[in-house]
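This report describes selected packing and backbone features of one protein model. The sequence and structure are shown first.

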Amino acid sequence: MSAQPEARLLSVNVGRPREVEWEGKTVRTAIWKAPVEGPRTVRRINIDGDDQADRVAHGGEHRAVFVYQIESYRYWERELGRDDFTYGQFGENFTVEGLADDEVCIGDRYRIGGALFEVTQPRVTCYRVAIRLDVADMPSLLVAHHRPGFYLRVLEEGEVEAGDAVVKVADGPEQLTVADVDGLLYLPNRSRALLERALRVPALSEGWKGSFGQLLAAADGAAAHAPAWSGFRPMRVTRVDRESDAIMSFLLVPADGPAPPGAQAGQYLTVRVRPRPDAPALVRSYSLSTFADEGGLRISVKRDGVVSRFLHERVGVGAVLDVAAPRGSFVLRAGADPVVLISAGVGATPVLAMLHQLVRERSRREVWWIHGARDARAHAFAREAQALLVQLPAARHLIAYSRPTDAAGEGKDYDIAGRLDLAALERAGVPKEADYYLCGPDGFMHALSAALTARGVLPDRVATEAFGSVPVIRSGIVAGAARPPHAPAGPPGGGPAVTFGRSGLAVAWDDRFPSLLDLAEACDVPVGFGCRTGVCHTCESGLVAGSVTYTTAPLEQPEGDRVLVCCSRPAEALVLDL
């Protein structure tokens, strides 16, 4: 196509990170941008004099330069009744005339001054734009009004300055506009055909491709992944087995009539018990340790807390427990590549269920069973795992005892003395091109995941599962000292009980909190967020039991067993998977 000017660069804006106080939090952000005079060099990552506070959420090669249009400035001045905007108000590096979001396409290329750029993605909606504009629902408004702005990748570095012409030099494939792509991620009733087209655009950033791939996969498996029942239902214990010196298994069947188990290998059950009749019920989650069938659902529990002691000491055959339907996305992916199942201690439970599934499917895949335990007494499921492995034609194992009590057992009961690490896996010949599934203590999973990534294993091929409160990324928030989950400061509320299942905490709702997210933060319950206005779904959490009301209607409602905690309150007693 012939190159011709279509727009104009009005202002080049830069800014360094700063810390601001916001709603009791310290936020590190570089959204405050200011115009600069004269030429500036645009480099692969950003503009000279500019920076980002958090390159996980902003910045990087595919988000080197953010663009916003003067036409959108004028639109928001009318909508918000404002007349105080200055260049850089929306956190943009380039304020431009032209280049509307409903005209510019992902993959379009533009020459501005001495640099060449490619359009890569819309803006990721974020709470920081609400801080900058002092408009709480601004992240939602940007999406709902189809005016997000967009990012550029720098193909050729060079100087730019205000007044430069913006010249289009190439059209992006598929001709999907910025507004089209933004709506595909954030708005309901998305088109499968458009999702597939978006994935064919090479310029689209990997993060957005990953999100669209997940949306397609979720659409394909929506019915299969729906919980088998709502809330809690009674289930009877029909068998109890001791697996090691600290782990016991409980086989559960419905006590209120027949029902399909409806579970996938790797998922977990949420159990509600009342160890003391005069105290509130307690909720905990435990992985299924075998493939669900007509025999029932089996959980295996390590004795290490109030609920697990109650199960070990007071729950036997015939007991009835309240159980929520199987949940969780830690499940086997289809394919023909090798499968590497790695666990430590009671972390064996979900990957053992996966091993059962592979045997049930008569899989021909190469399968590695890798497990670490203290010694033979602590080695749960040893015979069960071995009996499964001999049924797989391409199975191998690596068992590590950190403190073996019988050296004569090496080569028989265990393969190596010591802890599992990357060096042990490499010596054993574990393949790099494989699907990895890890479960165990947080430190074990974090260290091994990082080592595998450093080895060259793609991050999306390393799946991990953890129970208890799990650390999450809260972009831009300056973290204080870590504290375990606790009741919020002040007198207890008078509303319905809100139970954070993974954190083992139950508190009464208090109307002084604007949302469940605010309550969780006051309790130091780990929970992620992005927009805080019901758009990005970063805060989406499992709704195990109960119901909520939305104070701000989400742009897209989550599935029935999910809830956006950033804009909801309890309508009744709740159990959240947090």
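## Thr-349 in helix α9

Thr-349 counts as buried, with a relative accessibility of 4%; buried means under 20% relative accessible area, exposed over 50%, and partly exposed in between (1.4 Å probe, protein chains only). The residue belongs to helix α9, where helices (H or I, at least four residues) and strands (E, at least two) are DSSP runs numbered from the N terminus. Leaving aside residues up to four places away in sequence, Thr-349 touches Ser-287, Leu-288, Ser-289, Ser-300 and Phe-381, contact being defined as heavy atoms within 4.5 Å.

The model is predicted: local features need pLDDT of at least 70 and side-chain atom pairs count only at pLDDT 80 or more, whereas totals for chains, interfaces and linings use all residues. Residues are numbered from 1 along each chain as its sequence is written, and side-chain values use heavy atoms, with hydrogens and water left out.

## Packing of α9 and α10

Helix α9 (residues 348-360) packs with helix α10 (residues 382-389) at an angle of about 25°, and their axes are 10 Å apart. Axes are lines fitted to C-alpha atoms, for helices over the stretch in contact, and angles run from 0 to 180 degrees between N-to-C directions.

On the α9 side the contact is made by Leu-352, Leu-355, His-356 and Val-359, and on the α10 side by Glu-384, Ala-385, Leu-388 and Leu-389. These residues divide into 6 nonpolar, 1 polar and 1 charged.

## Nonpolar cores

The largest nonpolar core has 44 residues, of which Val-65, Phe-94, Phe-117, Val-160 and Phe-212 touch the most other members. Helix α4 (residues 178-186) gives the most to this core, with 5 residues. Such a core is a set of buried Ala, Val, Leu, Ile, Met, Phe, Trp, Tyr and Cys residues joined through side-chain atoms within 4.5 Å. Another core, of 31 residues, lies apart from it and includes Tyr-127, Trp-509, Val-527 and Leu-578.

## Positive phi in two aspartates

Asp-134 has a positive phi near 55° although it is not a glycine. It lies in the loop between α2 (127-133) and α3 (138-144) and is exposed, with a relative accessible area of 69%.

Asp-524, also not a glycine, has a positive phi of about 55°. Its place is the loop between α13 (516-522) and β27 (540-545), and Asp-524 is partly exposed at 29% relative accessible area.

Conventions:
Nonpolar A, V, L, I, M, F, W, Y, C, P; charged D, E, K, R; others polar.
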